[in-house]
Amino acid sequence: MRSADLVVAGCRELLTCAGPLPKRGRALGEVGVVENGWVASSQGLVVYAGDEADFLAEVAPEPGAVTIDGRNLVALPGFVDAHTHLPFAGDRAREFGLRIQGWTYQQLAERGMGIQTTVKATRAASLDDLVALSLKRLDRMLLHGTTTVEAKSGYGLNLDDEIKQLEALRDAAALHPVDVIPTFMGAHEVAPEYKDRREEYIGLLIDTVIPEIGRRGLAEFFDIFSEPGVFSIEETRRLVEAAKAAGFRIKVHADEFVSQGGAELAAEVGAVSAEHLIAISDEGIARLGASDTAAILLPGVSFFLMLAKRAPARRLIEAGAAVALSTDFNPGSSHIFSMPFILQLGVFTLGLTVEEAVNACTGNAAYAIRRHGTVGSLEPGKRMDLILCDVPDHVSLAYEAGRNPVRTVIKNGKVVVEDGRRVTAP
Ligand code: NIG
Ligand code: FE
């Protein structure tokens, strides 16, 4: 018998999302539905996930174990949001107004707005400001079922302000149940004061900023906006080499608007993930399909920028790519923190089935930040990160479009959201 200090009992449906990760091709559609499903954990780790009969035969809840009634609820792993730009200051509501009038994201950027607007606000913010903003956003994400989040810097664009963003993530993470995985993105854009001296900015990153952030251990991943007009393929290659030498694992914002072979390069350099891929080439699809580089799709961007063009999700799945979905939460191109909404956009705008979208928001998203050994599915030995949704069946996670179905969130075996509200320690 396995002992348990927490039991989630009798869920209408349990989606374990069990099985080898990442899920590719047909496997992406397998979520392991168990009707009348039970999950048990001990000291924050899952000890059982399955049906009632085996639960009764194999699990002995400790005296005083917490029991949560899953009747009429659908249980699944907590969402993993593998791509966000969490620690920024200010907003771009005024620029959003211009976009509604027909300005494009690129036109705003060419006129010194866009990312540069947020760089100004983020440089002006204090560390405490950024911690407070990050905590507020983490709360909102948690209420929508996110239990692990990747978060990028990239609005400081100098050593001190990049460090400030990454320290804000570290400090916010220490105060919040959501796990925060930090990514250094000093190559988000050429800093405004280096506008006409881009080679000097690249040199600053390679000689000073990348090694220093690496030494301080403030980030696990290095990410770069590889896009014509931002960083070219050759510049991407040089910066990626420098980041690898400093000990970072690599992520690439690739083929977001115009393909310059970013996905191909990501696969070639062994990047953990290539992200966006709205404009990915045929060659890029084939290369990602044959690689360990995850394809993180961000359907919030096409939605939020009102683009007809979307990432070719079905073709990527057919090619065997490890497809994940994430929010890209940021003030300009996807001001969206809700993973249920992203799951819905995956179904409605990328043509994923609900089951594929669930795996893309959980196990495959965990793979895309290399946390698939600990989170992303409900299997013995993994973290007890579980959400309970008040929908009649898992298809309704998408069918009830626009709704946040998350009622209960369990993080590391502790109830942190109950009845749609944050539970704070007494
Ligand atoms: O993922 N593409 C570059 N970076 C973000 C947008 C950042 C911003 O607009 O502030 C993205 O779309
Ligand atoms: Fe992004």
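Among the 15 residues around ligand 1 (those with a heavy atom within 4 Å of it), Arg 92, Tyr 105, Tyr 155, Glu 256 and Ser 333 come nearest. This is a predicted model, in which local features need pLDDT of at least 70 and side-chain atom pairs count only at pLDDT 80 or more, while totals for chains, interfaces and linings use all residues. Residues are numbered from 1 along each chain, ligands from 1 in the order in which they are written, and side-chain values use heavy atoms, without hydrogens and water.

**Ligand surroundings**
- The shell divides into four nonpolar, eight polar and three charged residues, where Tyr counts as nonpolar and Gly as polar.
- Oxygen atoms of ligand 1 lie 2.5 Å from a polar side-chain atom of Tyr 105, 2.6 Å from one of Tyr 155, and 3.3 Å from a side-chain N or O atom of His 85, each a polar contact (N or O atoms within 3.5 Å).
- Of the 330 Å² that ligand 1 exposes when taken alone, the protein buries 100% (Shrake-Rupley method, 1.4 Å probe).

**Domains**
- The chain is divided into domain 1 (2-78 + 376-422) and domain 2 (79-367), with bounds from an automatic or database domain assignment.
- The C-alpha centres of the two domains are separated by 29 Å, and their contact (heavy atoms within 4.5 Å) takes 38 residues from domain 1 and 36 residues from domain 2.

Technical notes
Polar contact = N/O pair within 3.5 Å; in protein donor to acceptor, adjacent residues only side chain to side chain.
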